[in-house]
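The following report describes a protein chain for a reader who is new to structural analysis. Please keep the sequence and the model in view while reading.

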Amino acid sequence: MADFGFARYGEDEENEEEEGQGYSSTTKDGLIFLIDCSKSMFDREDEDEESHFQLCIKCAKTTLQNKIISSDKDLIGVVFFGTDKAKNTSDFKHIYIYQELDQPGAPRILELEDMLENGYKKFGKDFGHSTAFSLHEALWTCQNMFSNSTQKVGSKRILLFTNNDNPHAGSPQLQRQARTKASDLNETGIDLELMHLIQEGETFDVTKFYKDLLYSADDEITELPDPAEKLEELMSRVRTKDHKKRALRRIPFSLGKGLNLGVGVYTLVRSCLKPYGVKLSRNTNEELKTHTKTYLEDTGEVLMPQDLKKAQTYGGRRICFENDEVTEIKRFEDPGFYLMGFKPRASLKKYYHVKPGQFIYPDENTVSGSTTLFSALLKKCLDRGVMPICKYIPGKNFPPRFAALLPQEEELDEHKVQVTPPGFHVMILPYADDFRKVKLDETVRANTEQIDKAKDMIKKLAFTFNSESFENPVLQKYWRNIEALALDRDEPEEMVDYTMPNDAGMTKRAGKLIDEFKDLVFPAGYEPGKKRKAGAAADPAAKKAKTDGALALLDAKTEAENGRLGKLTVAVLQEVCKKQGITPASKKKADLIEAINDHFGV
């Protein structure tokens with residue numbers, strides 16, 4: 001039997017969150033860029049501007065680069081429609097599969113890069129243009145690419161890029177076929193998203209054709225966003241659409257006895273780490289696998305999982321448990337949210353931060369009618385300025401926590417693109433045992449003049465902060481170097497570290513106030529960051545004088561009785577022993593304290 005101790009509470013939850021967000025290698029997201037290649041997509045008002053086709057290729061290239069960093073197991077494909085030449089398994093005319101559905105890699109990125117820089121100039125010669133395409137055949141081709149994939153694909157998405165709001169204006173039959181195929185895609189779990197573009201001064205009327213093609217499984221979008229004009233807008237939409245929203249868990253939300261609704265729990269914030277190193281064979285460069293065995297220390301016998309028990313030392317005695325007993329100890333009620341009551345939103349303190357918050361959204365598949373009940377609860381909480389307080393049990397072997405559900409209203413930007421979704425943020429609340437009392441030294445306080453000067457300085461240096469505006473410089477530098485090696489670049493792409501303070505800008509805005517504040521707070525001649533020189537304090541005579549001064553004011557017996565000997569320095573303790581005629585076992589601090597305590601009978 002081996003003593004492994006108990007896994008700490010919450011460890012399982014952290015592991016589950018990592019699996020839920022990192023996704024296992026067997027479940028991949030599939031994404032196909034379906035790009036309109038009509039002549040109008042190549043038009044440019046100015047030679048310095050990029051055509052819509054170039055914007056689409058740049059989006060595909062950037063997405064592949066991002067996927068390598070965020071989820072390199074996902075599958076990406078690029079399909080052209082409206083070309084003169086054709087290349088697809090079904091022999092459909094005017095449909096060209098430019099890149100098959102596969103994992104992102106350096107050759108695919110270089111191929112898109114070449115198309116972006118040079119290939120678009122001779123696109124008419126290499127691929128040609130045609131308006132005789134059938135959109136339902138283009139969608140069918142994408143559907144076949146997902147079906148023929150040898151790898152298991154979890155979520156499937158098609159991003160349709162076009163600037164033509166009515167491609168089959170003169171053919172009701174082709175329009176009907178496209179609508180039917182879009183319906184088939186929705187039924188087979190393939191999401192179709194429209195990435196519509198316009199030139200400045202033009203319009204794109206989605207009601208003519210495309211609105212009937214689009215299905216929203218979760219009814220999030222009540223109206224389509226405005227068409228994009230610039231790369232930044234297009235890229236922001238692609239970033240929001242290229243990942244399928246996958247719930248970390250789906251659990252019930254109990255509002256009372258017999259009144260439940262289903263919710264999905266989502267993780268909004270999670271640390272992004274560098275990938276772990278992979279061990280390779282020195283001779284073959286093949287990936288190595290690690291096998292772990294547990295041996296009995298005395299005999300060297302290999303132990304199987306059923307031979308192991310877990311133990312906890314209590315009062316000097318080792319208490320042993322079977323695995324099923326440990327599981328039973330850690331099990332409480334069934335997983336879910338249990339409503340305890342409501343509190344004003346203002347009562348949630350900002351320092352109640354136990355772990356990153358989560359987000360819940362209704363799950364209609366678990367309990368029918370959840371969306372209606374959830375929306376009513378959210379609306380009332382927003383109207384009355386309150387938040388539900390719940391007992392939250394994430395899973396079977398998870399400890400219960402109290403959680404405040406912070407309501408959030410839906411927000412759209414000026415282009416009617418959703419910025420924040422409607423729902424509740426799950427803020428984990430601390431228990432009484434989690435609070436720590438900090439004793440602060442209040443003998444030194446700033447005076448009124450110093451406080452007022454600090455306020456003026458802070459006002460001048462205030463700025464709008466958003467975490468999403470700052471990328472992790474460590475990760476960016478790491479991936480830029482990896483990318484340079486993979487794409488055979490001479491040097492990595494230049495990186496700007498936006499986490500570095502803008503010293504010039506701060507000095508320009510508040511330089512005078514900063515100097516005035518330093519003069520008020522710090523002594524004359526103070527230089528920030530400069531180490532203090534070892535002066536009189538380093539002199540042996542000065543040290544002895546300091547020790548003698550401490551001894552003169554010290555009552556050794558009182559300090560020993562009150563247990564404060566540990567706060568004294570070794571030099572002072574040695575002088576106490578010398579003065580009291582005490583012979584310690586050694587000159588170590590612990591032995592000095594023990595000898596003094598024995599001398600005074602403490």
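F42, F53, F80, Y96, Y98, F123 and F127 form one aromatic cluster in this predicted model. Rings of Phe, Tyr and Trp (for Trp, its six-membered ring) count as a pair if their centres lie within 6.5 Å; planes under 30 degrees apart are called stacked, those over 60 degrees edge-to-face, and the rest tilted. The structure holds 24 aromatic pairs. One of them joins F42 and F53, a stacked pair with 4.4 Å from centre to centre and 25 degrees between the planes. F42 lies in the loop between β1 (28–36) and α2 (52–70), whereas F53 belongs to helix α2, so the pair ties together parts that are 11 residues apart in sequence. Both F42 and F53 are buried; this word means under 20% relative accessible area, while exposed means over 50% and partly exposed in between (1.4 Å probe, protein chains only).

How are the rings of F374 and F424 arranged? Their centres are 5.3 Å apart and their planes stand at 85 degrees, so the pair is edge-to-face. This pair links distant parts of the chain, 50 residues apart: F374 in helix α9 (residues 370–384) and F424 in strand β18 (residues 423–428). F374 is buried because its relative accessible area is 2%, and F424 counts as buried at 0% relative accessibility.

Charged side chains also lie over rings. The criterion is that NZ of Lys or CZ of Arg is within 6 Å of the ring centre and within 35 degrees of the ring normal. The table gives two such cases.

| Charged residue | Ring | Distance from the ring centre |
|---|---|---|
| K181 | W140 | 4.6 Å |
| K391 | Y338 | 5.4 Å |

On the surface, F463, F465, F470, V496 and Y498 form a nonpolar patch with about 570 Å² of accessible area together. Patches consist of residues with over 30% relative accessible area and no salt bridge; like charges are joined within 9 Å and nonpolar side chains (Val, Leu, Ile, Met, Phe, Trp, Tyr) within 5 Å. A salt bridge is a side-chain nitrogen of Lys or Arg within 4 Å of a carboxyl oxygen of Asp or Glu. F470 is partly exposed because its relative accessible area is 31%.

Is D488 buried or exposed? D488 counts as exposed, at 68% relative accessibility, and is found in the loop between α11 and α12 (503–521). The C-alpha atoms of D488 and L110 are separated by 9.9 Å, although these residues are 378 residues apart along the chain.

N597 lies in helix α16 (residues 589–600) and counts as buried at 18% relative accessibility. Apart from neighbours within four places in sequence, N597 is in contact (heavy atoms within 4.5 Å) with A560, L565 and V602.

Turning to the whole chain, the protein has 16 helices and 18 strands. These are DSSP runs numbered from the N terminus: helices (H or I) of at least four residues and strands (E) of at least two. Buried residues make up 36% of the 602 residues. Of the contacts with a separation of 6 or more, 70% involve residues 24 or more positions apart. The accessible surface comes to about 38,300 Å², with 50% of it belonging to carbon and sulfur atoms. Accessible areas come from the Shrake-Rupley method with a 1.4 Å probe, and for residues only the protein chains shown count as cover.

Because the model is predicted, local features need pLDDT of at least 70 and side-chain atom pairs count only at pLDDT 80 or more, whereas totals for chains, interfaces and linings use all residues. Residues are numbered from 1 along each chain as its sequence is written, and side-chain values use heavy atoms, with hydrogens and water left out.
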